[in-house]
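Subject: Structure handover

Hello,

Here is the structure you asked for, with notes on what was found in it. Please read the notes with the model open beside them.

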Amino acid sequence: MALKHHADRLKAASLQDLSKARTDRPALDAPGWSVDLTRHYLDADTEAELAETAARKDLAGAIERLFDAAIVNPSEGRAALHWALRAPAPTHESTKAVRQTALDAEVLAEQIARGEKTSSAGKPFKAIVHIGIGGSDFGPRLIADAFHDKRHAGMELRYCANLDPLDLSLAVDGLDPAETLVVGVSKSFGTEETLYNLGRARTWLKASVGDGWAQHFVLVTANPPRAKAWLDGADGLILDLPETIGGRYSIWSAGSVACSIALKSDVMADFRQGAADMDAHVASAPLGENLAVRLALLDYWNSSFMGFGARALLAYSRRLRLLPAYLQQLEMESNGKSVGPDGEAVDLATTPLLWGGEGTIGQHSYHQWLHQSPTVMPAEFILAPGSREDTEGVTGLTAHALAQAEVLANGRTLDEVRAEEPELPMEIAAQKVHAGGRPSTLFQAPVLDAYRLGSLIALFEHRTYLAGVLWGVNSFDQWGVERGKTMAGRLKPALDGETTADDPVTAKLIAGIRTAH
Ligand code: F6P
């Protein structure tokens, strides 16, 4: 394949020289963001070949099919309609009802925020505890953390996801059950962690408010019959999360109703607007200027041809400190696959390990590894201060992001070390060498606001879907998560001593745990 030949050639090239040759390339602009792709192992011939790949793999057609509500999730026979939840108006008959579910959630949120829907004691809710996991947690949690300072006065917003009993205890710590609303989000309404925590929350509420406990629940699910059964005849509120909304694509849905209640109303409105504007960009921009297409091609190139098995996402933005965790599910649960929808093995490395954290904090932790470990991987800088209230902080954050990208790419030779620090003994000078050659992308915005969070997440959704098309995997199912859950169900009786685990190592480990407790 031509791309393989380009990769063999460029792996031996100097990233600094390749980047210098691309310095005249303008950054790519899309709603709210400017993205610079200069520092990558690319040249004109390779980019032409990638553009050719985009045409051959019909990315334009893939974009059309997504926004045409076509079946893009063949293993489950579904469209992927997350974009309809933020569309300014219904685009298809089939998306009208989906879009309405988000509107219904906003109406309810407004009623609760205004105190028109109250607790069983007739009081306005003062605290919200969101219970969910995976796509029913990461998104709302990210929004709540990013815009913690935009909560309605006096409103508490907490999250609980883990089976570890401490998680719910911390989530309700100090809260008055009589003034607390529990939002339970589970598309399947069958997820063990969420049902466990909802059950404990119900006990907590029943002990305080008695028969009125169900008035303290809003359940968001694609399986209303299960939710109704859980309510056991009591009249709790149920909101719809359509089956055509994938869990990791559901941040726009009623699943984020806790944020709609707790945060000032412009946050979710701006958030959805940013995504809608990014949808318009992705749906209409020519492939070469289409940011989702360019990023998907870069992911395909870096992972499947340059052989970079990981990517570091460095959020130089306090509001985006949970973004790496959110994107891990979006990208790795979407494209962490090796078999295509036709059941055939995929013949390339697919999506890389995505990890990362908050900048500049990571510079005091794993950046040593990024700079001087033998492993080379792309870094992605998301530079968008949470506030511009102080120039010194904004300038410092910006300078560090730019400096890290430069040193990662250009390195520092032994000659440069010795020229700058001639007094150093040789063995120390050698340890100050940076190999460089670390590629990076810079996403840049003057400030991180709800509009830009929305446009960024929509961009990554489309990037993920299009990269999946390039790799030949279905980005919208997740068969790989089922086996572990099934196995856990089999091991519980072994942990209780009722059975013995089939696997000898697991059996030995269980015996040790049972002895220790
Ligand atoms: O991790 C598997 C998964 O199904 C995710 O795709 C999903 O977001 C999460 O578990 C929670 O599922 P549910 O919303 O059905 O509780």
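Thr-360 is in the loop that runs between strand 9 (353-358) and helix 14 (367-372). Helices (H or I, at least four residues) and strands (E, at least two) are DSSP runs, numbered from the N terminus. The peptide bond from Gly-359 to Thr-360 is cis, and its omega is near 10 degrees. Another loop, between helix 3 (44-56) and helix 4 (59-67), holds Asp-58. The phi of Asp-58 is near 55 degrees, which is a positive value in a residue other than glycine. For background, most peptide bonds are trans, and most residues other than glycine have a negative phi.

Some notes on the source. This is a predicted model, in which local features need pLDDT of at least 70 and side-chain atom pairs count only at pLDDT 80 or more, while totals for chains, interfaces and linings use all residues. Residues are numbered from 1 along each chain as its sequence is written, and side-chain values use heavy atoms, with hydrogens and water left out.

Next, the ligand. It is surrounded by 14 residues, and the closest are Gly-135, Ser-136, Ser-186, Ser-188 and Thr-191. A residue is counted here if one of its heavy atoms lies within 4 Å of the molecule. By class, this shell has 2 nonpolar, 9 polar and 3 charged residues. In this scheme Ala, Val, Leu, Ile, Met, Phe, Trp, Tyr, Cys and Pro count as nonpolar, Asp, Glu, Lys and Arg as charged, and the others, Gly among them, as polar.

Which atoms make polar contacts (pairs of N or O atoms within 3.5 Å) with the ligand? A backbone N or O atom of Gly-135 is 2.7 Å from a ligand oxygen atom. Ser-186 has a polar side-chain atom 2.7 Å from an oxygen atom of the ligand. For Gln-329, a side-chain N or O atom is 3.3 Å from an oxygen atom of the ligand. The protein covers 87% of the 390 Å² of accessible area (Shrake-Rupley method, 1.4 Å probe) that the ligand has on its own.

The ligand sits in the largest pocket, meaning that more than half of its atoms lie within 2 Å of the pocket's grid points. On a 1 Å grid over the protein atoms alone, a pocket is an open set of points with protein on both sides within 12 Å along at least five of seven lines, a cavity is a set where a 1.4 Å probe fits but cannot get out, and lining residues have an atom within 4 Å of a point. This pocket has a volume of about 930 Å³, where volume is the space filled by probe spheres set on the points, and points are joined across faces, edges and corners. Its lining has 38 residues, and those closest to its centre are Lys-187, Ser-188, Thr-191, Gln-478 and Lys-485. Helix 8 (192-209), helix 13 and helix 19 (482-495) are the elements that give two or more residues to this lining. The lining residues divide into 11 nonpolar, 16 polar and 11 charged.

How many cavities of 30 Å³ or more does the structure hold? There are 3. The largest has a volume of about 50 Å³, and residues that line it include Leu-298, Asp-299 and Arg-311. Helix 12 (291-304) and strand 8 (310-316) each give two or more residues to that lining, and the largest share, 4 residues, comes from helix 12. The second largest cavity has a volume of about 40 Å³. Asp-299 and Arg-311 are among its lining residues too, as is Trp-471. Helix 18 (450-471) gives the most to this lining, with 4 residues.

Regards

Note on methods
Polar contact = N/O pair within 3.5 Å; in protein donor to acceptor, adjacent residues only side chain to side chain.
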